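Subject: Structure for you to look at

Hello,

Here is the structure I promised. Please open it first, then read my notes below.

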Amino acid sequence: MRTILITGPGGSGRTTIASATALRAAAEGVRTLLLSADRTDTPGVALGTGTGPAPAEAAPCLTVWRPDATERFRQDLTAFQHRAANVLDLLGAARLDAEEVTPLPGAEELSFLRALRDAALCDRYDLLVVDLPPLSGALALLGLPEELRRYLRRLLPPERQAARALRPVLGRLAGVPMPADWLYETAARWDVELAAVEAVLADRDTAVRLVAEPGPAGADAVRTAVLGLALRGLRTEALVANRVLPDTAPDSWLAGLLAQQRKTLADWQESYDVHAVPHLGRDPHGPDDLAALAVPAVNPAPDPVEWPVADRIAEDGVLVWHLPLPGAIRNELDLVRRGDELLITAGPFRRIVPLPSALRRCTVAGAGLLDGELRIRFTPDPDLWPGTGR
């Protein structure tokens, strides 16, 4: 299944563009699912038909789904209380009824990620169009599976399960209860679920489509978004310039806005695959208006983003790790190595990535930014690298 992730600054019309993209694909006979994170029924307004927490057909070959985060959280909490019944009873805890549960911060994001996983694994569709939250929320959401899996591995390492038979003895020696099997089983299940979401995001058939209005604010948002996506290893498939004024706009206050749009569009076209979508003079409503937007068709999957390691030991005595980071600024980059991980800060974004196996036996020798690519040099450690011992 192809997956197109669509996001943009708040108010850029990303949900409308996502709806138009899904409707165009469905009109071409592609079995399409539009998955929306929108809390209100903006997709339904754009499509001219209501949408809700249950997948429903909005047009031939088009299904729309807006998951209910509150209900999903209630189900998860109820299941958690059931599995932890013994511990809760031991502590004298009063269980929560489903009716009194409201989602905690982060619950909505986790619920949507699970819906994304379920949708991507469904074989009823050929194309998944994902209407993500606005840019800042979308970038945080896309990094959540990797970060949560890292926390789980640190807090509940899988290898500790091997000592399952010793936990009662250790508990008596320590004088405190040791983690029960259900805790490790829960962590393992979460890890599997998060890994499935990561696999969807890392799949070569997954791409990101940005939506922004051409102008100074849109240009800043796109520049930041492309950097954040690149740090996550995601490629921008297309940039949709939304609400573009016609060249025949009257000579009035619109003339200045038109000139501003044209300048931004010219700048964008130097770096991105730009598709201009016209301003209809009204909010699009219904299939005819969405068709009039003439959004671009879903392109073949772009080449996956790669972070290759170049072997330059023979020439320069180093290995070079190439990390494409378009839009990165030299004085806003920071690198910190911690064991077998590298902490990368690029502008407002931060990611902790495991080092490739070959680089774990090396020391960092330096780094440089050239043409939007971060190049980190590693020197083989003589004590760890075959054939280089003293």
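How many aromatic pairs does the count come to? The count comes to one aromatic pair. The rule pairs rings of Phe, Tyr and Trp (its six-membered ring) if their centres lie within 6.5 Å; planes under 30 degrees apart count as stacked, over 60 as edge-to-face and the rest as tilted.

Before the details, a word on the source. This is a predicted model, so local features need pLDDT of at least 70 and side-chain atom pairs count only at pLDDT 80 or more, while totals for chains, interfaces and linings use all residues. Residues are numbered from 1 along each chain as its sequence is written, and side-chain values use heavy atoms, leaving out hydrogens and water.

Now the pair itself. The ring centres of Trp 307 and Trp 321 are 5.9 Å apart and their planes sit at 70°, so the pair is edge-to-face. The pair links distant parts of the chain, 14 residues apart. Trp 307 is in the loop between helix H11 (287-292) and strand S9 (309-312). Trp 321 is in strand S10 (residues 318-324). Helices (H or I, at least four residues) and strands (E, at least two) are DSSP runs, numbered from the N terminus.

Trp 307 counts as buried, at 19% relative accessibility. Trp 321 counts as buried at 3%. Buried means under 20% relative accessible area, exposed over 50%, partly exposed in between (1.4 Å probe, protein chains only).

Next, the helix packing. Helix H5 (residues 107-121) and helix H6 (residues 135-155) pack at about 90°, with axes 10 Å apart. That makes H5 roughly perpendicular to H6. Angles of 65 to 115 degrees count as roughly perpendicular, under 35 as roughly parallel, over 145 as roughly antiparallel and the rest as oblique. Axes are lines fitted to C-alpha atoms, for helices over the stretch in contact, and angles run from 0 to 180 degrees between N-to-C directions.

Helix H9 (residues 216-231) and helix H10 (residues 253-269) pack at an angle of about 20°, with axes 9 Å apart. H9 is thus roughly parallel to H10. H9 contributes Pro 216, Gly 218, Ala 219 and Val 222 to the contact (heavy atoms within 4.5 Å). H10 contributes Gln 260, Thr 264 and Trp 268.

Finally, the overall picture. The protein has 12 helices and 15 strands. Buried residues make up 42% of its 390 residues. Among contacts between residues at least 6 apart in sequence, 68% join residues at least 24 apart.

Best wishes
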